[in-house]
Amino acid sequence: MSTLFDSIKIGRLNCPNRIWMAPLTRGRGARDHVPTDLMATYYAQRASAGLIITEATGITVEGSGWPYAGGLWGTEHVRQWKKVTDAVHQADGRIFVQLWHMGRIVHPSLHGVQPVSASATTAPGSAHTYEGKQPYVEARALAIEEIPRLIGDYVAAARNAIEAGFDGVQLHAANGYLIDQFLRDGSNHRRDAYGGSVENRIRLLREVVEALVDTVGAERTAVRLSPNGDSQGVDDSNQAVLFPAAAATLDPLGLAFLELREPGPNGTFGKSDRPAVAPLIRKVFKGALVLNSDYDLARGQAALAEGAADAITFGRKFLANPDLPYRFAHGIALNTDNQKTWYSQGAEGYTTYPAASA
Ligand SMILES: Cc1cc2nc3c(=O)[nH]c(=O)nc-3n(C[C@H](O)[C@H](O)[C@H](O)COP(=O)(O)O)c2cc1C
């Protein structure tokens with residue numbers, strides 16, 4: 001029986017614990033999405049995580065719609081991310097980068113590009129932009145001829161990730177962004193090979209993951225899914241069929257891990273009344289399974305003890321506690337996160353949370 005304090009081997013990486021840092025957008029990059037030196041300090045502070053998964057990081061201008069989020073398409077991006085990975089490795093840590101195409105969530109005011117998606121749909125609500133919140137605009141459906149180019153964009157970003165010194169990449173296929181927009185039938189109304197049947201809607205996910213595996217190796221490729229319920233207006237009429245089928249498709253590829261974000265009915269960052277799909281996925285996905293959302297030490301230990309998960313990612317707890325594994329191990333009270341500084345610029349509420357450990 002494993003505990004959160006046991007090591008786990010992920011591909012070639014030896015992770016010293018199963019208390020991992022969930023991907024967290026923090027908006028501390030430059031306006032051109034180049035990472036800042038402050039980001040190296042922030043991630044190095046959290047190097048005691050069994051594994052850090054970075055904030056979602058744009059693969060292209062087309063896919064980037066979050067103010068001051070990191071990007072990974074240019075030489076400057078690579079050069080600055082290298083400072084981050086060096087700082088984490090010097091602090092004895094391990095770090096995967098989360099590869100992000102936001103699809104219809106991109107607002108054209110950021111880069112003057114109309115958003116793309118599976119179909120011509122509009123996300124509900126409004127986007128974070130440099131000019132404050134603005135209503136989303138209708139996306140353009142990607143033409144089937146554009147799919148190879150899109151896959152090429154993921155591959156180029158993955159190559160850059162390795163050049164920048166990351167230990168691996170996580171495809172962001174969750175939370176209502178581009179891959180999720182293709183997966184679920186609420187946002188995918190296509191009639192070609194990428195729409196309609198479950199198999200067709202999984203096709204883009206599969207093709208992107210296969211291309212990433214070919215580029216960086218299966219042991220350095222991971223995926224994040226968010227199966228249970230609506231994310232940013234993206235939902236499926238039969239999640240208990242779609243997501244186990246997606247996981248079964250990924251299983252033979254031998255990935256580093258699969259992470260699931262599934263909020264419960266009392267979730268404090270998203271909620272869902274629908275049951276978690278994780279138990280169904282556990283049956284068909286034999287690789288390392290990592291669970292997320294509203295976990296604390298006790299729930300995390302219980303999930304590992306039941307054999308429901310191999311590791312847990314902690315989001316807001318890692319945001320506010322750079323030394324979370326140490327605090328868990330020694331029963332030290334946790335700092336609470338300040339929502340006002342989640343996405344603000346500068347060091348305040350970013351690198352200023354105190355560590356209890358020496
Ligand atoms: C400030 C903030 C930023 C987030 N950014 C991302 C992100 O970039 N990519 C992602 O997949 N999830 C993101 N999430 C979701 C978290 O990874 C995680 O699923 C959520 O915080 C629930 O886990 P927790 O209860 O441990 O905090 C974000 C959440 C927060 C609070």
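The conversation that follows sets computed values against the cut-offs behind each label.

Student: What should I keep in mind about the source of the coordinates?

Tutor: This is a predicted model, in which local features need pLDDT of at least 70 and side-chain atom pairs count only at pLDDT 80 or more, whereas totals for chains, interfaces and linings use all residues. Residues are numbered from 1 along each chain as its sequence is written, and side-chain values use heavy atoms, with hydrogens and water left out.

Student: Why is the pair Arg-184 and Asp-180 called a salt bridge?

Tutor: The term requires a side-chain nitrogen of Lys or Arg within 4 Å of a carboxyl oxygen of Asp or Glu. The structure holds 18 salt bridges.

Student: What makes Arg-184 and Asp-180 count as buried?

Tutor: Buried means under 20% relative accessible area, exposed means over 50%, and partly exposed lies in between, with a 1.4 Å probe and protein chains only. Arg-184 has 0% relative accessibility and is therefore buried, and Asp-180, also at 0%, is buried for its part.

Student: How are Glu-146 and Arg-140 classed, buried or partly exposed?

Tutor: Glu-146 has a relative accessible area of 18% and is therefore buried, while Arg-140, at 30%, counts as partly exposed. Their side chains meet in a salt bridge at 2.9 Å, N to O. Glu-146 and Arg-140 are also linked with Glu-62, Arg-149 and Asp-153 in a network of salt bridges.

Student: Which parts of the chain does the pair Glu-259 and Arg-224 link?

Tutor: The side chains of Glu-259 and Arg-224 meet in a salt bridge at 2.8 Å, N to O. The pair links distant parts of the chain, since Glu-259 is in strand E12 (residues 257-261) and Arg-224 in strand E11 (residues 221-225), 35 residues apart. Helices (H or I, at least four residues) and strands (E, at least two) are DSSP runs numbered from the N terminus. Glu-259 is buried at 0% relative accessibility, and Arg-224 is buried at 4%.

Student: What makes a set of residues a nonpolar core?

Tutor: The set must consist of buried Ala, Val, Leu, Ile, Met, Phe, Trp, Tyr and Cys residues joined through side-chain atoms within 4.5 Å. The largest such core has 81 residues, and Leu-99, Tyr-154 and Leu-171 are among those with the most contacts inside it. Helix H6 (residues 198-216) gives the most to this core, with 9 residues. Apart from it lies another core, of 14 residues, including Ile-8 and Phe-257.
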